[in-house]
Amino acid sequence: MTAAEPRTVYLNGAFLPENEAHISIFDRGFLFGDGIYEVTAVLDGKLIDSPLHMARLERSVREIGGTLPIPTEEIVAIEKRLVAENKLTEGVIYLQYTRGAEDRNFLYSDNLQPTLLLFTQAKTLEHVAAVERGLKVKVVPDQRWERRDIKTVCLLPQVLAKRIAKAEGCDEAWMVEEGFVTEGASSTAYIITHDDKIVTRANGNATLPGCTRLAVLDLAREQGLTIEERPFSVEEAMAAREACLTSASNFIVPITSIDGKPVGDGKAGPMFKRLRTLYMDNARRTAV
């Protein structure tokens, strides 16, 4: 696919050029944010952590009382076809499910046909400058709803948080509630203590259950590393030896400053480098 050619996208059972794919103005995802999304990384033309993303997709849809229109096995086949047709070697696949379209009403009909959209985005994921230089984080208040474990398309608080971070010359926002870091605007937050403990929040309604998080922590446990799943404060993060984040579109990258203050020596640390190597090796080994 050349730059001038439109991408092939998937919409409600059809593979279409992107400029021919249209969604109703009455779609509840547009009117109410009544929908779920997933982002799966693609590396070397293969899907990374695919079973984890499909399991989370099923859970999120179930939590809002919805039903996927097709099985996840078919969704994975669609993703692979999109990767092939768009000649994607590195980037992401975005998936969006909404409850469907009908005249605007807070209460929805029981027989709605869901909307299912998938498209690819080319993006450099592996060899990025952030792996060496690290990312800068801005601390902002967490203004989201109470069911952050559902991967909903209602992302306005995160959009605003990232705009604040960018205005301060930062790459990501860490959201804080009652003095403790919940998570990044689009990532899971970690610190590494001076005695080599990996600290991150336990899964619950306050945070999204990250797929990359799950993969990284499983690998860390296999290596006998110490993990503490608990909240940590901004002050504890600033005093930590290292900090890092995970997400599908970043894998794992270091955090080298928080609100303008360096974390540790302000460089990517040894624990981050170890976790990054473990994750990337495993990602390639298990890609589909």
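The following legends describe close-up views of a predicted model.

**Figure 1**
The domain assignment divides the chain into domain 1, residues 8-122, and domain 2, residues 129-286. The centres of the two domains, taken over C-alpha atoms, are separated by 26 Å. Domain 1 contributes 22 residues to the contact, and domain 2 contributes 22 residues. About 1,900 Å² of area is buried between domain 1 and domain 2. Carbon and sulfur atoms give 62% of this buried area. On the side of domain 1, the residues that lose the most area to domain 2 are Y37, D49 and R56. Together these three residues account for 31% of what that side buries.

**Figure 1. Polar links and chain elements at the interface of the domains.**
Three salt bridges are found across the interface of domain 1 and domain 2. Nine residue pairs are in polar contact between domain 1 and domain 2. Three elements, β3 (35-43), α2 (50-63) and β5 (90-98), each supply at least two residues of the side of domain 1 that touches domain 2. Of the elements on this side, β3 gives the most, with seven residues. By residue type, the side of domain 1 that touches domain 2 divides into eleven nonpolar, five polar and six charged residues.

**Figure 2. The salt bridge between D149 and R59.**
Side chains of opposite charge can pair when their charged atoms come close. D149 and R59 form a salt bridge, in which the closest N and O atoms are 2.8 Å apart.

H53 has its place in helix α2. Is H53 buried or exposed? H53 counts as buried because its relative accessibility is 2%, and the cut-off for a buried residue is under 20%. The side chain of H53 makes a polar contact with the side chain of E38, at 2.8 Å. When neighbours within four places in sequence are left aside, the residues in contact with H53 are E38, V39, T40, I48, C211 and A248.

**Figure 3. The salt bridge between R56 and E38.**
The salt bridges of the model come to a count of 26. In one of them, R56 pairs with E38, and the closest N and O atoms are 2.6 Å apart. R56 belongs to helix α2 and E38 to strand β3, so this pair ties together parts that are 18 residues apart in sequence. Both R56 and E38 are buried. E38 is also the residue whose side chain makes a polar contact with the side chain of H53.

**Figure 4. The salt bridge between K138 and D259.**
The side chains of K138 and D259 meet in a salt bridge with an N to O distance of 3.9 Å. Where in the chain do K138 and D259 lie? K138 is in strand β7 (residues 135-141), whereas D259 is in the loop between β14 (251-258) and β15 (261-262). The pair links distant parts of the chain, 121 residues apart. D259 has a relative accessible area of 33% and is therefore partly exposed.

R148 forms a salt bridge with D142, with the closest N and O atoms 3.4 Å apart. R148 is buried, with a relative accessible area of 7%. D142 likewise counts as buried, at 10% relative accessibility. Which residues are linked in a network of salt bridges? The network links D142, R144, R148, E177 and E183.

**Figure 5. Two loop residues with positive phi.**
N12 has a positive phi of about 50°, although N12 is not a glycine. This residue is found in the loop between β1 (8-11) and β2 (14-17). With a relative accessible area of 47%, N12 is partly exposed. E178 has a positive phi of about 55°, and E178 is not a glycine either. The loop that holds E178 lies between β8 (172-177) and β9 (180-184). E178 is exposed, with a relative accessible area of 75%.

Key
Residues are numbered from 1 along each chain as its sequence is written. This is a predicted model: local features need pLDDT of at least 70, side-chain atom pairs count only at pLDDT 80 or more; totals for chains, interfaces and linings use all residues. Side-chain values use heavy atoms; hydrogens and water are left out. Domain bounds come from an automatic or database domain assignment. Contact means heavy atoms within 4.5 Å. Buried area is the accessible area (1.4 Å probe) that two parts lose on being put together, summed over both. A salt bridge is a side-chain nitrogen of Lys or Arg within 4 Å of a carboxyl oxygen of Asp or Glu. A polar contact is a pair of N or O atoms within 3.5 Å; within protein, one must be able to donate a hydrogen and the other to accept it, and residues adjacent in sequence count only if both atoms are side-chain atoms. Helices (H or I, at least four residues) and strands (E, at least two) are DSSP runs, numbered from the N terminus. Ala, Val, Leu, Ile, Met, Phe, Trp, Tyr, Cys and Pro count as nonpolar, Asp, Glu, Lys and Arg as charged, and the others, Gly among them, as polar. Buried means under 20% relative accessible area, exposed over 50%, partly exposed in between (1.4 Å probe, protein chains only).
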